[in-house]
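Here is a quick tour of a few residues and the charged pairs worth a look. Have the model open as you read.

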Amino acid sequence: MSKLVTVFMPYNGEAHTEDSVKSFLYSGLVDKVYLLTSQAGLPEIEGGDIIQISDLFSTETISTINSKTTTRYALFLKKDTILELGQFAIERFAGIADTTGAGLVYSDYNEIDEHGANPHPVIEYQQGSLRDDFNFGYIMFFSKEALEYAQSVPLKKPYTYAGLYDLRLKLSLKYSIVRIGESLYSCGESDKRRSGEKQFDYVDPKNRTVQIEMEDAVTDYLERVGAAVKPPFQDVDFSKENFEFEASVIIPVRNRSKTIANAIESAIKQKTNFSFNVIVVDNHSTDGTTARIEIYAKANDKVIHLIPGRKDLGIGGCWNLAVHHSKCGKFAVQLDSDDLYSDENTLQTIVDKFYEDKCAMVIGSYKMTNFMLEEIPPGIIDHREWTDDNGGNNALRINGLGAPRAFYTPVLRKIKIPNVSYGEDYAVGLAISRSYKIGRVYHPVYLCRRWEGNSDASLSVAQVNNHNFYKDKIRTFEFLARLKKNGN
C-alpha cells in the first residue's frame with residue numbers, strides 16, 4: 001500500500017500521543033508522523049519524529065509542514081488531545097481529497113467525555129467563511145499541491161499566530177475546501193465553556209495581538225480577490241429629510257416581563273437637548289410583558305407601544321416595523337429588552353457622534369454584567385480594533401460589531417433589516433460599512449446583562465452551527481456585493 005500521508009501533530013509529553021502515533025501508522029497510508037513541540041527534553045516516541053517549533057500556528061511552522069511533506073497529503077492535528085481514528089478514516093480523507101481535488105478536507109467528529117462519544121457535526125465552508133475561528137474540527141487534511149501553491153503566494157508578513165489562517169485563505173484562492181459530513185474520528189474536547197462564554201473571545205483584550213495578525217491576514221486576502229473596501233466613503237446629508245423626532249430608541253421584545261420595565265425606564269430617563277421617543281415593538285408576548293408596556297405607554301407620551309399586525313416577525317422584522325413608522329426619529333438607536341443604557345447620557349452621546357463623524361451608523365461600547373449589574377468577564381467590550389480605514393474589512397472576519405447600534409434612519413429604511421432573530425444587526429452593519437463611515441464610541445454607554453434567560457446563553461451544537469452558518473451566509477452575500485461594487 002502506497003504511503004500517501006504525512007502527519008503533523010502537537011506534542012506536550014502526554015501519554016495519549018503515543019497511542020495516536022500508533023493509530024496513524026497502523027492505517028498503512030501514513031509515511032511519517034512529526035511531533036511539533038516548543039518544549040525541550042520531551043521523551044521520544046517510537047514512530048514519531050520530534051520537530052522543535054516556536055508557535056503551532058505560525059508562518060514558520062506552516063513552512064516547516066510544507067517542506068517536510070513528501071507525500072501527496074499532509075494531515076494536521078490542531079490540538080494535543082486524545083484521538084481515536086474511525087474505521088478507515090485516513091482512507092476516507094484521502095479518497096475524498098482525490099475525488100474532489102480539494103486543497104483542504106475536514107470532517108465531522110465525536111467529542112469524548114465522561115459519558116462517551118457525542119456527535120459534533122461541523123458546517124459547510126463557503127465564500128463568507130472568513131472568520132478565523134471557523135470550526136474545521138481537529139483534523140485538517142491538506143493536499144501537498146495546495147500547500148505548495150499557498151506558499152508561493154507572496155507573504156504580507158510572517159505571522160506568529162495567523163499562519164494557519166493565512167494558509168487557509170491563500171489556499172482558497174485556487175482550491176476548494178470540502179467538508180465530509182461523517183464523524184471520521186473522536187477526540188477529547190478541552191474547552192468546556194458554554195456558547196455564551198465563548199462568543200466574546202475575539203474581543204477579549206488579552207487576545208489583542210492575535211487579533212491584529214488575523215486582521216492583517218484577512219485584509220491581505222480581501223485585497224487580493226478585489227473585495228476590500230476603503231475610504232473615501234459616501235457622505236451623509238442629515239438635512240435632506242425632516243423628522244418630528246431627532247431620535248427613537250427601538251426596543252423589540254417578546255416575553256421579557258422580568259426585564260422590559262427596566263429597559264423602558266432606562267430609555268425614558270435619557271437627558272438630551274433634542275426630542276426623542278421610545279418605540280417598543282411587542283411581538284405578541286404571552287407572559288405579561290404586554291401589560292407592563294401598556295402601563296408606560298399610558299403614563300408617558302414618549303413611549304409608543306406597537307403590536308405587529310402579523311405574526312411572522314423576528315427581531316429584524318420588528319425593527320423594520322419601528323423604523324418605517326411615521327413617528328420614528330432621524331436616528332434609530334438600539335436597546336434590547338434584556339439590557340440597559342449605562343446612564344442618562346447615552347442617547348445624547350450617540351446622536352452627537354453622528355454629527356461629529358457625519359456617519360450612517362454609530363456603534364457604542366458596552367459592559368458585560370450579570371442580572372444584578374455586577375461586571376463579569378470579559379468586562380468592557382469596546383472594539384478598539386476598529387479603524388476608519390480598515391474596520392469594514394475586519395468586519396468580515398469577526399462575529400459582531402458591538403453595541404449599542406444606532407442608524408441614520410433613511411439609510412436603514414433603504415437597506416432594510418433581514419427578518420430573522422439572529423445576525424440581523426450584523427448583516428445591516430456589514431452592508432453599511434460597504435459604503436458609509438461608521439462612528440465609534442469607545443467608552444461604555446450600555447450594559448449587556450447575561451442571565452439564564454438570554455437567548456444565546458447556552459446553545460446546543462446544532463444551534464451554534466445554525467447561527468454560524470447563517471452569519472457565514474451573510475458574509476458570503478456581503479463578499480459578493482463588495483466584489484460587484486469593486487467591478488470584480
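Thr 69 sits in the loop that runs between helix 2 (59–68) and strand 4 (73–77). In this predicted model, Thr 69 has a relative accessible area of 3%, and because that is under the 20% cut-off, Thr 69 counts as buried. Its side chain reaches back to the backbone oxygen of Ile 65, at 2.6 Å.

What else is Thr 69 in contact with, once neighbours within four places in sequence are left aside? The list is Thr 6, Phe 8, Ala 74, Lys 144 and Leu 147.

## Salt bridges: a pair in helix 5

On to the charges: the structure holds 25 salt bridges. One of them joins the side chains of Asp 166 and Lys 170, with N to O at 3.1 Å. Both residues belong to helix 5 (residues 163–171), and they are 4 residues apart, about one turn of the helix.

Are these two partners buried or exposed? Asp 166 is buried, at 6% relative accessible area, and Lys 170 is buried too, at 4%. Each value falls under 20%, so both get that label.

At 52% relative accessibility, Arg 384 counts as exposed. As for shared partners, salt bridges join Arg 131, Asp 133, Asp 472 and Arg 475 into one network.

## Tyr 366 in strand 15

Last stop: where does Tyr 366 lie? You'll find Tyr 366 in strand 15, which covers residues 361–369. Tyr 366 is buried, with a relative accessibility of 7%.

Tyr 366 and Tyr 442 are 76 residues apart along the chain, and their C-alpha atoms are separated by 8.8 Å.

How values were computed. Residues are numbered from 1 along each chain as its sequence is written. This is a predicted model: local features need pLDDT of at least 70, side-chain atom pairs count only at pLDDT 80 or more; totals for chains, interfaces and linings use all residues. Side-chain values use heavy atoms; hydrogens and water are left out. Helices (H or I, at least four residues) and strands (E, at least two) are DSSP runs, numbered from the N terminus. Buried means under 20% relative accessible area, exposed over 50%, partly exposed in between (1.4 Å probe, protein chains only). A salt bridge is a side-chain nitrogen of Lys or Arg within 4 Å of a carboxyl oxygen of Asp or Glu. A polar contact is a pair of N or O atoms within 3.5 Å; within protein, one must be able to donate a hydrogen and the other to accept it, and residues adjacent in sequence count only if both atoms are side-chain atoms. Contact means heavy atoms within 4.5 Å.
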